[in-house]
Amino acid sequence: MPTVYTKKCPSRGKWTEEMLRTAVQSVSDGTDINEAARIYNIPLRTLKRRIEKKNFTKGRMGPASLLGEEGEKKMVQHIKRLQERGFTPTRLDVREMAFRLAEKLKIPHKFDSEKQLAGYDWLASFLRRNPELSVRKAEGLSRQRSLGMNKNIVQNYFQLLKNILEEHNLFNKPSNIYNMDESGLQLNNRPGEVIAGKGSKVVTALTAAEKGETITVVACCNGEGTFLPPACIFKGKNKKAEFEDGMPAGSVVYMCQKSAYINSDIFLEWLKTHFLPRKPAGKVLLLLDGHASHCNSIETLSFAEEHDIILLCLPPHTTHYLQPLDRAFFKSLKSAFYQACNVWVKTNADRRITRLVFGKLLNIAWGKAASVQNGTSGFKATGISPYNPDSIPDYAYTTGPEDAEGDKLDLEQPQRSSPQPSTSQEIPQNEEPRSAPQIHPDPIDEAEKLTPGKALTIVAPVPSVAVLNVTKRARKVAEELTSPENIEKRRKIQQAKNDALLKKKSSTKGKRKPLSVSVKGKMSASTVPKGRKALSDSSDGESDISLHDSSTNEENDDDTACTGCGEQYHTTKKKEDWIKCLHCENWLHEGCSKFENLCEYCAKLLLKKKN
């Protein structure tokens with residue numbers, strides 16, 4: 001435990017600085033010094049010493065701190081500066097910083113020179129002397145999000161939001177401003193923090209499964225704090241009526257065969273059957289993130305434009321500050337959901353959390369999280385309703401120096417006035433240095449000139465966020481998705497993709513040279529690729545299966561499906577050529593069959609006929 005000074009006399013040091021100054025003034029006015037010490041309850045020796053040294057400032061009692069009052073004050077400021085940049089130091093970092101600072105300033109200390117760290121006692125005393133610092137649990141912030149929260153980009157977003165609100169007269173209509181977003185919930189409980197016996201080696205808590213299934217919950221709320229019923233996305237093809245049992249009134253379940261994530265078709269269905277029936281009259285503004293399912297479908301954008309729904313896309317990597325549901329709802333929803341899961345597991349220890357009980361658990365969590373207070377506070381914190389761009393705090397912008405254009409994020413490293421520790425190799429004698437060599441003064445003179453603030457910039461420099469290569473998505477800004485210009489741009493992009501697919505399909509058809517076939521159906525293999533098989537007749541018997549040349553069929557159908565994997569031609573992601581089976585004339589990927597110009601089914605049928 002750290003050494004804490006304890007007063008030997010409880011009455012010692014009860015006087016204040018104001019009492020000291022008043023006593024000194026009375027002595028200067030002619031009052032006897034003994035009488036002044038008695039009246040103001042100040043020790044006589046203390047009063048005499050203060051008058052002789054002309055020191056009328058009262059400091060704390062006990063020994064001075066190792067780094068001194070000024071050194072600790074500069075260290076506190078340096079820690080806060082690191083926090084603003086997104087590099088908040090850990091307890092180990094602060095201990096290392098204190099050791100290096102003491103070494104740099106030539107301060108005698110008893111720190112661990114082998115580990116080059118200050119002790120735990122010093123850290124505890126340092127935090128007690130500086131109550132403005134505390135040990136906190138940090139939240140991870142990705143580099144992309146730190147780049148997204150650029151002040152100019154956010155200001156451009158608020159200017160676009162203001163123009164839309166003014167154009168459609170929505171400033172005083174919070175009921176016509178909506179935010180929609182999705183988040184995943186897992187069918188499993190999370191024990192969290194528990195209370196256990198002190199000194200226990202292992203503390204465990206029962207969970208329903210190792211890893212639960214993920215279900216996407218689509219939430220939507222307006223500026224008045226009114227939530228639409230949730231929409232849930234399950235992975236699978238067949239929907240059961242039991243999936244909606246126990247869910248909040250008006251909830252709906254969508255099925256997605258590939259995954260439980262939202263796609264363009266589900267989002268369009270949500271707009272048509274879930275949002276539109278509950279939409280108020282007139283124009284409404286719907287704020288969304290930049291997910292592809294929200295932005296790329298021409299059909300979705302056209303439907304929204306026809307039904308007076310203005311889709312506004314938020315800037316990338318800014319939703320943790322600019323999206324109401326992220327600021328005030330989803331954290332509360334997940335906390336309440338997993339708390340309900342913990343209660344359910346305790347009462348059903350021998351059962352798993354399945355889709356059939358998901359609705360009941362969601363109903364409990366939704367009732368706690370989907371409150372008017374959470375809804376309105378999210379819109380207020382993001383500056384949407386009421387409109388207030390200044391609601392975003394300054395500490396949210398972690399990119400450091402801001403560029404002049406906003407969308408150009410190529411930042412340069414700021415020049416530092418203080419010397420920096422070199423990490424480069426020594427320059428050979430036969431080469432001239434690129435910059436003027438630094439003159440290193442004598443260590444004693446350097447320690448005398450260094451102040452704690454300058455020393456901290458040397459031993460623990462503040463990193464700067466330098467962006468050299470910014471992705472295409474990071475350069476995007478907020479945009480109105482339903483504007484005629486954006487719809488026309490998306491239409492051209494879609495047309496270019498369709499043309500590229502048709503061109504690729506026409507070039508791949510007939511690319512494969514078919515096998516030469518005899519008149520009565522006997523096959524003789526031509527060049528067979530490595531790893532593929534060609535059917536040959538080892539006996540004198542002849543096959544009665546009639547094979548056709550693929551060149552005789554000139555159909556051009558974009559909805560053709562591979563007979564091997566089932567993928568549609570216009571949505572396939574495989575970079576393989578398509579071939580046509582010479583028997584059934586169906587198309588398939590080249591890699592979906594082990595046989596030359598035959599699908600697996602026809603090839604096995606042919607082998608069976610031969611045998």
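Is asparagine 41 buried or exposed? Asparagine 41 counts as exposed, because its relative accessibility is 52%. Here buried means under 20% relative accessible area, exposed means over 50%, and partly exposed lies in between, with a 1.4 Å probe and protein chains only.

Before going further, note that this is a predicted model, in which local features need pLDDT of at least 70 and side-chain atom pairs count only at pLDDT 80 or more, while totals for chains, interfaces and linings use all residues. Residues are numbered from 1 along each chain as its sequence is written, and side-chain values use heavy atoms, with hydrogens and water left out.

**The whole chain**

Show the protein chain as a cartoon: it has 20 helices and eleven strands. Helices (H or I, at least four residues) and strands (E, at least two) are DSSP runs, numbered from the N terminus. Of the 611 residues in the chain, 39% are buried. Among contacts between residues at least 6 apart in sequence, 69% join residues at least 24 apart; a contact means heavy atoms within 4.5 Å.

**Asparagine 41**

Select asparagine 41 in the loop between helix 2 (33–39) and helix 3 (44–53). Its phi is near 55°, a positive value in a residue other than glycine. Most residues other than glycine have a negative phi, and most peptide bonds are trans.

**Helix 8**

Next select residues 151–167, which form helix 8. This helix has 17 residues and reaches 24 Å from its first C-alpha to its last, close to the 24 Å expected at 1.5 Å a residue. The expected span is 1.5 Å times one less than the number of residues.

Start at the N-terminal end, where asparagine 150 caps the helix: a side-chain oxygen lies 3.0 Å from the backbone nitrogen of asparagine 152. Such a polar contact is a pair of N or O atoms within 3.5 Å; within protein, one must be able to donate a hydrogen and the other to accept it, and residues adjacent in sequence count only if both atoms are side-chain atoms.

Buried residues in helix 8 include Ile153, Tyr157, Leu161 and Leu165. An α-helix has 3.6 residues a turn, so residues three or four places apart point the same way.

Asparagine 169 has a positive phi of about 55° although it is not a glycine. With a relative accessible area of 54%, asparagine 169 is exposed.

**The nonpolar cores**

Return to tyrosine 157 and show what surrounds it. Leaving out residues up to four places away in sequence, it touches Leu287, Leu312, Leu314, Pro315, Leu322, Ile384 and Ala478. Tyr157 is also among the residues with the most contacts inside the largest nonpolar core, which has 55 residues. A nonpolar core is a set of buried Ala, Val, Leu, Ile, Met, Phe, Trp, Tyr and Cys residues joined through side-chain atoms within 4.5 Å. Helix 14 (residues 330–347) gives the largest share of this core, nine residues. A second, separate core of 29 residues includes Ile266, Leu271, Leu288 and Ile487.

Leucine 185 counts as buried, because its relative accessibility is 2%. Leucine 185 and phenylalanine 358 are 173 residues apart in sequence, yet 9.6 Å apart in space, C-alpha to C-alpha.

**Aromatic rings**

Stay with Phe358: ring pairs link it with Phe234, Phe243, Phe337 and Tyr338 into a cluster. Rings of Phe, Tyr and Trp (its six-membered ring) pair if their centres lie within 6.5 Å; planes under 30 degrees apart count as stacked, over 60 as edge-to-face and the rest as tilted. Over the ring of tyrosine 338 sits the charged end of arginine 190, 4.1 Å from the ring centre. A charge sits over a ring if NZ of Lys or CZ of Arg is within 6 Å of the ring centre and within 35 degrees of the ring normal.

The whole structure has 16 aromatic pairs. For one of them, select phenylalanine 111 and tryptophan 122: the ring centres are 6.1 Å apart and the planes are at 75°, so the pair is edge-to-face.

**Two last stops**

Select serine 385 and proline 386, which are joined by a cis peptide bond with omega about 0°. Proline 386 is in the loop between helix 16 (372–381) and helix 17 (443–449).

Finish at serine 593, in the loop between strand 11 (587–589) and helix 20 (600–610). Its side chain reaches the backbone oxygen of leucine 598 at 2.6 Å. Serine 593 is buried, with a relative accessible area of 4%.
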